Structure formats: C-alpha cells, structure tokens
Amino acid sequence: MKRINIGYFIKEGFLSVFSHGLMSFAAVCMIVACLVIMGSFSLLAKNVDVNLKQLEDDNEFLVYIDENYTDVQIAQLQKQVEAVDNVASVKFSTREEAKANLVEKYGNNGLYATMPDEVLRDRFSVHVVDLERFTETVDAVCALPGVAGHRAEGELAEGFVAVRNAVTALAWVLIAILAAVSLFIIANTIRLATFTRREEIAIMKMCGATDGFVRGPFIVEGLILGLMGALVAFLLQWVVYGAVCRAIITSGALALFELLEFSDIWNWVLGVFVAAGAAIGALGSGFAIRRFLQV
Amino acid sequence: MIRLIDVHKEYDNGTKALKGIDLRIEDGEFVFLVGPSGSGKSTIVKLLTAEAVASQGRVIVNGYNLNNIRRWQIPYMRRTLGVIFQDFRLIDKKTVQGNLEFAMRTIGAGGREMRKRIPYVLDLVGLDGKADAFPNEMSGGEQQRVAIARALVNNPRMIIADEPTGNLDPKRSLEIMTLLERINSMGTTMLVVTHEKDLVNRFSKRVVAIKDGELVRDGQGGYYRV
C-alpha cells in the first residue's frame, strides 16, 4: 500500500498553482521583484569587481637595479625576483627605454626630452598575483641583493583591496537580506494560500498522512512558483540591465568604467536566478506549511 | 483496543478536562461515550487521535502507547482509526469518489486498490451510484454516510465517531446509528461520542458516562444517564 507518489505531488502542485491563481500571481510577483533587486546589486558588484580587477592588473611596482650590475647579473636577478612568492610577472626595462616611456606618457615637452638617460636607472616592472599581499611582496623583492631601490604605491593597492572587499561585502549583505525578505514574503504568501486549505490538511492528517506526504504538493507548488518567478525575473533583468547600460554609454558618464555585456553573463544570471527562485519557493513553502502540520 | 489508565489532562490555561479516567475498550466492542457539554468527551477523542497528550496516566490505542509515541509514528497509529465528525468535514470541491480517493491516497494506495475498495464501501454505506455527486448536492444524512465511507475506506480497526448525528434529524440519526452498528457487527470497534439520549437508549450498548472530567458510569446494555 505504501509508495511514494511523485506523480501525485507534481499533479497536485500544478493544480494548486492554477486553482489559487491570484495568490500564485502575487507570489510570482514577489519573487520577481526580489530577484530583480538582488540581481541588480549582484550585477553592480560583478561590474565593480571586474573593473577593480583590471585596475589591479595595471598596478605594479618598480624595482631599480644596482648600477654596477652587468647584464648577466641583471638576468640572474630577474630570475630571483620571478621566484619570489606572489610575483606574477617581471619585465625588464633599460634606462633608455624608461626615458622613452616617460616621454611617450607625458609628452615631449622638453623636461623629459632633454633629461640625460643617466638620471634614470635600469628597472624591473613587477606585477603581483594577490594585491592584498602587495607590501610583503615589495619587502621580499627589495631584500634581494642588487636591488638599489623601489617605487611602490602601497596605499593605492591597499585602497583597491579595501574598495573591492567593501563592495563584495555590501553585495553579500544585500543579497542575504533580500533573500531573507524574499523567503519571508513567499512563505507568507503561500501561508495565505495554505490557510484556505487547512481543513484539507487536517483531514489528510486524520486519515494518517505523513508530514512528507502533506508537504510534497506544497513544495512542488513553491518550486513551480519559484521557477516561474526566476524566468520572468531573468527576462526583466535582461531588459533593465540593457537599458541601464545604454543610458550609461549614451550619457558618457563613467566613461572609464567598462560594462559587462549581458550576453557574456546571461547563463550565469539564469543559473543563479533559477537556483535562487527554486530554493526560495521550496523553502518558503516548507516554512509556510509547517504550522498547519501540527495536527 | 483502547486503554486509558488514570488519565489526567490539564490544558495550558489551567482547565482540568480529565481527572483520573480509567477505561478499557476491547476489539470489536460498540461503546457509547456520553456526557454533557464540557464533560471531557472531546478531550478523550483528542487523546485517542493523538491531537493532544495526556498530562498524566497512560493512553494505549491499538497497540500504540501514545505517551511516548514518536511524531513519525502518529500517522501509522491514525491509520488504524477512522474518525467521523459532527460537521462531516468533506472537501466540497471533490466528488464523493474524490473524497474517498483523497483519503486512500494519503496512505499511499494505488489506483487498482481504489477501484476495488471504493465501490464496495459506497455500497456498504448505501451510497451506490452517488460516486460522482458533490457533497453540497447531497442531504446531511448522505454527507455523513460519505464521511463514514471515508472513515471506513482504509479498513481501520476502530472507528471513533464524534457526535456523528449532531447535525441530523431523528430519522437520519437512526439510519446513521444503524449503519454504525452494522459496521461494528462486521468486526470494527466502534466508539460513538454523543449526547443523544434517545439513540443511546434505543441501541442498548455499553455506555460510558463522564461528567466534569470523571468517569461516573460504565455499563453494558446501558442507557443514557449521567
């Protein structure tokens, strides 16, 4: 007599979604609103993160080489620098190349053009892997024999790290709050729908239904609502993101800010929305039904 | 089989609903549980269906000790019972067949079992040919027959009927009680909670009377007297 009736759960779940149309619509709207708000913050955080990563990649420090070092010694020193932990890449420039770079960067306005090459030193441009370990990496490189000096914007690097960490933390806090709010709203919406069916639940319990059997169709209902909400939210997010990007590009604001194309991240957004929608729907239903199982 | 041993029940608001009830009902018995409103009849039903827990004493139903029953065991204990309510508690949007299928499905019955069992039970309660009717298209007596069919459909060892004729006229009440007696004669233990004096006196069954939470009378072939 005893068997798990998945087909029954799915059938009842679908029937329930459509037989309580208004409640279902309200629940889907709530899920859509929460997912779009959550998604917008996530996309903002993602864009900030990508741009900060690019800035981090541009961040380097210069290591000046002892003037008495020969080419052979410089090549050995480069190998030593490359071997230092957290060093991503090392690029050697002669003093002549360094001067040419300065002239190119700041213009041939006489100051750099007339400056003798001897004023500058041969140097390495060093990129790091993890910006959070920037200072310790600089110290490790500067401790090598043959390093005559260095120029490192440690505060700038720390600033990047701080901004990225703050944005990431803010995004996670907002996502957590919105997820909790979504869960609360969906739980209450489904609880309202469930309230009208408490008599059915009481009858089922009195006939000997297990909690799992009673809960099954409600979980399926929540899953369906969550998935419907996720799909609608995805389409809406696509439209909203596209509109915001177009507005930013057209206005010329944030010209240095590189925006991610939605076509590059749609699968990521869809995956997160579907997972979040399904989880919110199923968990919300689970919470909503709990009180009515105490029969 | 039911055993209540020195059962007390005190609700959270301090009301003492039961004060040391001792009761034993054997398999196959037909017992009327009578008493005035507020005497503790409904509390006994709640204890027997595990909707409430005794404050003191032991409650044993069909081999389940309800004092230390685990939550997951309660559905299996309830499957040994069929419960009938005064207000029928049918699902209006489902047909008679749908209501019975609903009850059978809750314990995992399959389609073949339903097709076999439901016509038999409907015939037993005198509702042959009413499978496709909705509850609100039926009289009170017929609705109570559907409720009895639902209680019977999972083949319980015992039926607990809580004021089953409370909403019916005397003629329908007699029909329902006769039906319950017939079901009892087929081996199902019957506990009928009622305060309908005429019916109790007419059927000459064992009568257990409670008043103010205490058992005041327990007699075979008895009559209604508290």
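Helices (H or I, at least four residues) and strands (E, at least two) are DSSP runs, numbered from the N terminus. The views come from a predicted model, in which local features need pLDDT of at least 70, side-chain atom pairs count only at pLDDT 80 or more, and totals for chains, interfaces and linings use all residues. Residues are numbered from 1 along each chain as its sequence is written, while chains are lettered from A and ligands numbered from 1 in the order in which they are written.

**View 1. Chain B as a whole.** Chain B has seven helices and ten strands. Of its 226 residues, 43% are buried, a term for residues with 20 or more other C-beta atoms within 10 Å of their own, whereas 12 or fewer make a residue exposed and counts in between make it partly exposed, with C-beta atoms placed from the backbone.

**View 2. The open sheet of chain A.** Four strands with antiparallel pairing (at least two DSSP bridges between two strands) follow the order β2-β3-β1-β4 in chain A. Because β2 (87-93) and β4 (147-151) of chain A each have a single partner strand, one side of each is left without a neighbour in the sheet. β2(A) is joined to the antiparallel β3 (residues 123-128) of chain A by six bridges, and A:Ser89 stands opposite A:His127 in β3(A).

**View 3. Two loops of chain B.** B:Asn62, in the loop between β4 (56-61) and β5 (64-65) of chain B, has a positive phi near 45 degrees although it is a residue other than glycine. B:Glu163, likewise not glycine, has a positive phi near 50 degrees and lies in the loop between β7 (158-162) and α6 (170-185) of chain B.
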